[in-house]
Amino acid sequence: TVFGARLGDSSMPQLFQDLVKNNLCGRKTGQGLYIYQAGVKGGDREINPKFTEIIKNYSKEAKEKVIACILYRSYI
């Protein structure tokens, strides 16, 4: 990528594809990380359980990449 190897996380494009496939496009669709409802603002928004389920598929992979990145940066 133009941002270099450290930002070339191969799981991110798949995550975005999964979010779009499940209609989790944020305010545009009324749901994403949060469930958007008229009159509900900021910290009062409910976290979307569908988003939580999807992101769980990427948690382990993301943790492993963070550890690898920390180790890589500690040797530079």
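Why are Asp18 and Lys21 separated by about one helical turn in helix H1? The reason is spacing: they are separated by about one turn because they sit three residues apart in helix H1. A salt bridge here is a side-chain nitrogen of Lys or Arg within 4 Å of a carboxyl oxygen of Asp or Glu.

This is a predicted model, in which local features need pLDDT of at least 70, side-chain atom pairs count only at pLDDT 80 or more, and totals for chains, interfaces and linings use all residues. Residues are numbered from 1 along each chain as its sequence is written, and side-chain values use heavy atoms, leaving out hydrogens and water.

Start with the layout. The protein chain holds two helices and two strands. From the N terminus, the order is α-β-β-α. Helices (H or I, at least four residues) and strands (E, at least two) are DSSP runs, numbered from the N terminus.

Now the chain totals. Of its 76 residues, 17% count as buried. Buried means under 20% relative accessible area, exposed means over 50%, and partly exposed lies in between (1.4 Å probe, protein chains only). The accessible surface comes to about 6100 Å², and carbon and sulfur atoms account for 59% of that. These areas come from the Shrake-Rupley method with a 1.4 Å probe; for residues, only the protein chains shown count as cover. Take contacts between residues at least 6 apart in sequence: 41% of them join residues at least 24 apart. Contact means heavy atoms within 4.5 Å.

Return to Asp18. This residue lies in helix H1, which spans residues 11-21. Asp18 is buried, at 13% relative accessible area. Setting aside residues up to four places away in sequence, Asp18 touches Ile54 and Tyr58.

The whole structure has two salt bridges. One of them joins the side chains of Glu53 and Lys56, at 3.2 Å from N to O. Both residues lie in helix H2 (residues 49-74); they are three residues apart, so about one helical turn separates them. Glu53 is partly exposed, at 48% relative accessibility.

Last, the aromatic rings. Rings of Phe, Tyr and Trp (its six-membered ring) pair if their centres lie within 6.5 Å; planes under 30 degrees apart are stacked, over 60 edge-to-face, and the rest tilted. By this rule there is one aromatic pair. Tyr34 and Tyr36 form it, edge-to-face, with 6.3 Å centre to centre and 80° between the planes. Tyr34 is partly exposed at 29% relative accessibility, and Tyr36 is partly exposed at 24%.
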